[in-house]
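This report describes selected local features of a structural model. Please consult the sequence and coordinates shown below while reading.

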Amino acid sequence: MAEPVSYWQALQDTPLLQRAVGAGALVGLACACLSPFVVLRRMAFVGDGMAHAAFGGLGLGLFLIAGSRSDDASIQAITIGFCLVLAIAVGRVSRRGGQSRISEDSAIGIAFSVAMALGAMLITLRQRGEGQYAPSWEGYLFGSLLTIGAGQVWLTLALAAAVVVVLFVLHKELMYYTYDENLAEVSGLPVSFLHYLFLLLLVLTVVVAARIVGIVLASASLVLPGLIGLAVCKRLGEAVVFAGVVGVLSYEIGLYGSYVWNVPPGSVVILAQFAAFVAVLALRRLGKA
Amino acid sequence: MSTQAQPNLSAAPAAFAGNGGPPVIEVASLSFAYTGGEKALDNVNFTVREGEFLGLIGPNGGGKTTLLKIILGLLAPQSGKVLVLGRDPRELGADRLLLGYVPQDTGVRKHFPATVLDVVLMGTYSSLGLFRRPGAAERESALKAIGHVGLAGLQDRSASNLSGGQQQRVAIARALVAHPKLLLLDEPTSGLDTGGQAQLFDLLERLQKEFHLTVVMVSHDVTALAHFAEHLACLNKSLHWHDRSELISEEVLRKVYACELDAFFIKHKQHLEEFHGDQGPAGHAHGPHCDHNH
């Protein structure tokens, strides 16, 4: 097992680790800033579904482009496109509310199971057919430091910037939409636009986050920081900022733990966030007693 | 439940001209069904004029909330005509602000992280347009609205820590801050005790006079509404309407509602009015709730 000090040494010497630290902070920030909205709008399952859909998109990309690797820009584009199509389909169901025959959770359940099934089939077929390079499944599912290419850092930077700018510029609209979608629509806010914009941000964030913390764990980092922020803060804006800080710190702790203990980064990120959540709840309980 | 089995008792809208002011809501031959479901509304006709207070009663699942959503422009009618302030409610544009809406309580809103002032300021958002944040002027009108509903001094309190009655007042203040002409309330008294209900009705009566509001309130609690509304309409897919000057026949209400007890209370209250003037029966504010499965 490496000594902790060697992490700092490795950080100075290894561009891969530097990229992971940068991308991790940015992804942690993006996930966490969206998470209070995800929690309040009860969209945790949507995030989960989209993360699983990413696996289908990945399988489709690897299958369609012979000799491709999972961190190629073309594969990422196909993955994001695939998830967006599914997100729009699910978004249409959820916008129609009670008017749809299929409930939102059923629609998501179907979409993500089918996507996972498709991904598993296509990736296996591709591996068997040409014996091309395929990273470990564990990396897809629970995250890996090795999947972060140089392009990934720029992608996460663009994503985090988009999330922060949208949340800052449309703060009051997203707040009203989250408070009550019908009320916001009655008052004349462009609720459909906000609905799909938020879904778009969510899809992009989940797909990018899944590269680092894995498909299975990506959605948890869209929930836990929000729960922590909402437990601590009395106003939505404050909860978003607090969650953002929790997100960045937990991703950095996750990368450190991943390197030092040689375990998937996703596991340490989520366990760190869960520990913080339990601590906040315990402190609140003590404060009330 | 078959709508055919019910007598069509709808009177012509003209029969309820009330104060004779300009119409605020005009609904003619309105029908609506959710995808794959049976009709939620069947041939509904009515007119609400400026300054009137209409109570819309009916069993759960009778289409009350659906009708409100159509009036608000959230749902499109499949047949018939709906005009709000003389226009299609889905094409009101900037005049949407003239519709104040107090929706049914939901868990999300009850636990939303915001101060009273934050919530009331939401009422100013759409007039500000995208990108602009509320400034001193919006803050001032929000504080005024908070004062109008009797919550002065509570603007910095966490809205989720207020009582049910206070949260309803915050919702009304949020609607008022946009200076609406028409106030639509969906079950505002549910979850309130008798005292809370009476205070809310008093507040609405005062605000109606002060701001010349037209009020439409939906409730399944007929006795509470019967105390205050000038006109009562019963909605159970089709609409059956009467005003305070008429005695509703028990038989009609039983058919509309499948609920004898509520019919009794309306009749009882109106008898009392005939003898004692305008005072409602104080002991019946928290009357029996209607159950359409009777």
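Is A:Leu29 buried, partly exposed or exposed? A:Leu29 is partly exposed, with a relative accessible area of 25%; buried means under 20% relative accessible area, exposed over 50%, and partly exposed in between, with a 1.4 Å probe and protein chains only.

## Basis of the model

The model is predicted: local features need pLDDT of at least 70 and side-chain atom pairs count only at pLDDT 80 or more, whereas totals for chains, interfaces and linings use all residues. Residues are numbered from 1 along each chain as its sequence is written, chains are lettered from A and ligands numbered from 1 in the order in which they are written, and side-chain values use heavy atoms, with hydrogens and water left out.

## Surroundings of A:Leu29

A:Leu29 lies in helix α2 (residues 15–40) of chain A; helices (H or I, at least four residues) and strands (E, at least two) are DSSP runs numbered from the N terminus. Leaving aside residues up to four places away in sequence, A:Leu29 touches A:Val164, A:Gly244 and A:Val248, where contact means heavy atoms within 4.5 Å. The C-alpha atoms of A:Leu29 and A:Ala161 are 9.7 Å apart, although 132 residues separate the two in sequence.

## Helix packing around α8(A)

The axes of helix α7 (residues 150–169) of chain A and α8(A) come within 4 Å and cross at roughly 80°. Axes are lines fitted to C-alpha atoms, for helices over the stretch in contact, and angles run from 0 to 180 degrees between N-to-C directions. α7(A) and α8(A) are therefore roughly perpendicular to each other, a class that covers 65 to 115 degrees, with under 35 roughly parallel, over 145 roughly antiparallel and the rest oblique. In this contact, A:Val166, A:Leu167, A:Phe168 and A:Val169 in α7(A) meet A:His171, A:Glu173 and A:Leu174 in α8(A).

Helix α8 (residues 171–179) of chain A also packs against helix α10 (residues 191–213) of chain A, at an angle of about 95° and with axes 10 Å apart. That makes α8(A) roughly perpendicular to α10(A). Here A:Glu173, A:Leu174 and A:Tyr177 in α8(A) meet A:Val191, A:Leu194, A:His195 and A:Phe198 in α10(A).

## Aromatic pairs

The whole structure holds 9 aromatic pairs over all chains. A:Tyr7 and A:Tyr256 form an edge-to-face pair, 4.8 Å centre to centre with 85° between the planes. Rings of Phe, Tyr and Trp (its six-membered ring) pair if their centres lie within 6.5 Å; planes under 30 degrees apart count as stacked, over 60 as edge-to-face and the rest as tilted.

This pair links distant parts of the chain, with A:Tyr7 in helix α1 (residues 4–13) of chain A and A:Tyr256 in helix α13 (residues 236–261) of chain A, 249 residues apart. A:Tyr7 is buried at a relative accessible area of 3%, whereas A:Tyr256 is partly exposed at 24%. Ring pairs link A:Tyr7, A:Trp8, A:Tyr256 and A:Tyr259 into a cluster.

## Positive phi values in chain B

B:His179 has a phi near 55°, a positive value in a residue other than glycine. B:His179 occupies the loop between α6 (164–176) and β6 (182–186) of chain B and is exposed at 59% relative accessibility.

B:Glu187 likewise has a positive phi, near 50°. B:Glu187 is in the loop between β6 and α7 (194–210) of chain B and, at 5% relative accessibility, counts as buried.
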